[in-house]
Amino acid sequence: MPDYNPNKIEAKWQKDWRDKKIYEAKDSVKGKENFYHLVMFPYPSGDLHIGHWYNFAPADVLARFKRMQGFNVMSPIGFDAFGLPAENAAIKRKIHPSKWTMANIKTMTKQLETMGNCYDWSRLVITCQPEYYKWDQWIFLKLFEKGLAYREKTLANWCPSCKTVLANEQVIDGRCERCDTEVVQKEIEQWLFKITDYADRLLEDLAILDWPERTKTMQKEWIGRSEGAEIDFPVVNSNLKIRVFTTRADTLPGATYLVLSPEHSIITTLDARIRNQSSVKDYIEKAKHKSEIERMTEEKKKTGVELKGITVVNPYTKKEIPVWVSDYVLSGYGTGAIMAVPAHDERDFAFAKQFSLPIIQVVSDNGKIAEGLEKAYVGDGVMVNSGDLDNLPNHIAKDRIIELVGGEKKTNYKLHDWILSRQRYWGCPIPIIYCEKCGTVPVPEKDLPVILPNIKDFTPEGTGKSPLAKSKKFLKAECPQCGGAGERETDTMDTFVDSSWYFLRYTDPGNANELADPKKLKSWLPVNMYIGGAEHTVKHLLYSRFLTKFLYDEGVLGFKEPFSSLRHQGIILGPDNQKMSKSRGNVIDPDELVSKFGADSVRMYLCFMSEYHNGGPWNPTGILGVHRFLNRVWKLFQDRDGAGSQNGKAQNEKLEKLLHQTIKKVGEDIGSMKFNTAVAALMILLNEMEKSAQSLSKKFLEHFLKILAPFAPHLTEELWHQLGNNDSIHLESWPEYDRKLVVEEEFELIVQVNGKLRDKVLVPRVIDQEEAEKLVLERERVKDALGKKKPKKIIFIPGRLINIVA
């Protein structure tokens with residue numbers, strides 16, 4: 001009997017699948033519904049790590065299952081190839097980013113092929129190639145035409161190490177997500193996409209998506225729509241007013257001070273009246289070194305400085321109140337100024353306690369004024385300490401106060417416009433030319449793509465200009481309008497532009513004349529199932545939704561949302577339960593695992609190790625059990641002497657029943673991405689099969705291989721052919737189970753008395769109400785629960801429960 005040799009078997013079938021192109025999806029197949037299955041494409045970092053495998057391998061199980069269910073499945077792959085990591089790595093190694101990137105793509109392609117996934121390689125997209133990023137530039141021009149791409153000087157997150165602007169989403173705990181350098185605030189001229197124009201639609205359409213609720217909640221909070229009012233506070237001894245935005249106008253009577261963001265322009269305007277200018281300026285300078293996310297952190301200690309010499313009038317109480325500057329107020333949200341009501345806002349309460357500022361309660365849950373508030377009361381109630389409004393419900397008082405002080409109702413958002421300018425080389429050039437005569441001029445569509453030149457000096461200098469500015473050949477350009485001398489924009493695009501529409505290009509990757517053929521877009525999109533990390537919630541996923549909606553408005557697309565269903569995989573930790581890192585020495589190399597155990601074992605263990613959405617620590621011995629399981633499958637097939645009948649049922653009726661129950665369970669579990677319990681069911685079935693190996697029919701064995709095939713595609717292909725089949729098992733249909741055989745003959749009847757669980761009893765599935773009543777009323781637990789009471793009513797739900805009402 002030959003031994004199980006996964007490396008030999010896997011290489012053999014990977015070549016066979018590649019040569020026969022069995023995974024290349026046709027745009028339409030008669031009698032089959034299209035199913036677009038997609039994993040988030042990888043960045044070509046150099047090697048596939050175990051995290052990539054955890055995203056891709058279990059996801060492939062679902063793709064294969066959908067194929068067997070009769071869908072015309074497209075499961076494409078590509079590379080998100082522009083960006084800082086490649087450029088930084090190239091600088092470190094003194095090679096060109098394109099050389100580094102393409103070498104990594106070559107390596108990772110081989111690694112992806114060893115995984116055995118059913119990827120359609122004919123649809124490969126690589127975002128750093130001109131035939132791809134031409135359409136980045138085309139999308140930019142369309143946004144520019146509509147006024148949704150614009151340039152302005154704005155405060156931005158600046159990474160001193162990477163020497164480029166970062167979006168808020170790319171700053172983690174005040175540091176660059178790529179190099180971990182502390183980020184500073186820097187004012188710089190840059191290009192932005194007006195994503196804020198789509199804020200309401202991005203919020204409202206979340207309701208139609210089959211996405212994890214936590215992901216939808218995170219997007220809602222990031223967009224941060226607030227219904228409120230703008231109210232003016234007159235500056236004492238001045239004609240100036242400070243306008244605040246508040247969602248709690250009902251608490252205006254309790255506003256005891258105002259707080260400005262460090263960037264608020266009125267600080268400069270009133271500079272001469274501020275008695276402690278030095279302290280204020282020092283504080284503002286320190287705030288520049290903090291990102292917005294860091295400033296918004298609830299847990300951090302509140303800091304601030306009073307603007308001594310400046311007071312304002314509370315428009316409701318007519319009392320003078322002080323003005324402070326604090327970094328917990330953001331210039332980009334509302335008006336950059338807030339009225340502080342410490343009795344009814346947790347941040348204001350902490351600030352007031354820290355600086356001994358007045359705390360006045362104006363809303364009470366019981367109409368009484370609490371003595372010495374220990375924390376802010378943020379609930380609803382009735383007005384107190386509010387003059388004529390006392391005892392009025394606060395939600396009614398809110399509108400009256402807005403009217404009394406001349407406020408204006410307003411909706412605000414936390415969402416900022418998308419900063420897409422990057423002062424680096426390795427990215428898509430922005431198709432803009434600057435002309436002294438004509439101003440800012442878009443590159444005509446006929447001249448796209450604007451090619452990223454192959455320059456030798458691509459090291460950033462930190463001047464606020466991209467290295468492209470050093471290339472005179474690239475910089476000099478003829479103005480498309482007047483023909484005069486002009487200069488190209490030297491910033492490149494944020495790589496999230498590349499990934500915000502790549503799923504569209506897979507439908508028609510070779511199209512040189514348009515982003516994609518409208519018929520192909522219509523036949524495949526929106527994506528039926530998208531699988532990737534939750535860390536992309538407020539970056540890639542939000543940006544993709546925005547651009548999809550824009551392209552829908554332009555008539556390019558016939559749908560408003562890119563991903564109908566979304567699922568996240570968890571994170572694999574090291575054996576020490578810590579995040580994997582080379583410094584900790586806990587990194588798992590999948591190539592070594594494949595070499596030792598085979599790809600099928602790695603795939604199947606990743607499916608079995610935990611619930612897919614949770615992830616968890618890697619167990620070095622866990623894969624041994626899965627590998628032994630596959631060896632046992634191999635041995636079972638090799639040990640058979642062919643005694644089993646060719647077409648009949650297995651001699652063991654109990655085993656036949658278990659097979660059909662397993663077909664049902666594995667199919668349902670794969671469909672709901674409960675891969676671990678599906679694998680467990682296959683293991684249980686194998687245990688029983690080994691007891692009757694010689695009596696198993698060919699049909700039985702074929703059914704077993706079919707339900708194992710999505711998990712172990714190579715092994716099952718080999719054994720399928722050993723059974724005498726000529727075509728690939730991966731062209732077969734998912735087996736149908738016999739409904740009669742999956743129904744259990746008995747079930748556990750829940751017994752309730754007055755709606756409370758009192759007992760459970762195993763009963764025949766065909767039991768009727770009369771038999772059930774007779775049985776349970778004789779049960780000791782039921783008698784104890786009833787006591788001397790007699791049943792008034794008995795509710796019987798067949799197959800589930802009986803409830804005795806007494």
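Which residues in H19 meet which residues in H22? Keep that question in mind as we walk through this predicted model.

**Stop 1: two helices that cross**

Select residues 599–608, which form helix H19, and then residues 675–691, which form helix H22. Their axes come within 7 Å and cross at roughly 115°. Angles of 65 to 115 degrees count as roughly perpendicular, and H19 and H22 are therefore roughly perpendicular to each other.

Now show the side chains. From H19, look for Met 604, Cys 607 and Phe 608. In H22 they meet Phe 675, Asn 676, Val 679, Ala 680, Leu 682 and Met 683. Sorted by class, this contact of H19 with H22 has eight nonpolar residues, one polar and no charged ones.

**Stop 2**

Next, click on Ser 672. You will find this residue in the loop between helix H21 (653–671) and helix H22. Is Ser 672 buried, partly exposed or exposed? Its relative accessibility is 40%, so Ser 672 counts as partly exposed.

Leu 62 and Ser 672 are 610 residues apart along the chain, yet 9.0 Å separates their C-alpha atoms.

**Stop 3: a cavity**

How many cavities of 30 Å³ or more does a search of the whole structure find? The search finds one. The largest cavity holds about 30 Å³ of space. To see what surrounds this cavity, select Arg 64, Arg 67, Met 68, Ala 709, Pro 710 and His 730, the residues that line it.

Definitions and conventions:
Residues are numbered from 1 along each chain as its sequence is written. This is a predicted model: local features need pLDDT of at least 70, side-chain atom pairs count only at pLDDT 80 or more; totals for chains, interfaces and linings use all residues. Side-chain values use heavy atoms; hydrogens and water are left out. Helices (H or I, at least four residues) and strands (E, at least two) are DSSP runs, numbered from the N terminus. Buried means under 20% relative accessible area, exposed over 50%, partly exposed in between (1.4 Å probe, protein chains only). On a 1 Å grid over the protein atoms alone, a cavity is a set of points where a 1.4 Å probe fits but cannot get out, and a pocket is an open set with protein on both sides within 12 Å along at least five of seven lines; lining residues have an atom within 4 Å of a point. Grid points are joined across faces, edges and corners, and a volume is the space filled by probe spheres set on the points. Axes are lines fitted to C-alpha atoms, for helices over the stretch in contact, and angles run from 0 to 180 degrees between N-to-C directions. Angles under 35 degrees count as roughly parallel, over 145 as roughly antiparallel, 65 to 115 as roughly perpendicular and the rest as oblique. Contact means heavy atoms within 4.5 Å. Ala, Val, Leu, Ile, Met, Phe, Trp, Tyr, Cys and Pro count as nonpolar, Asp, Glu, Lys and Arg as charged, and the others, Gly among them, as polar.
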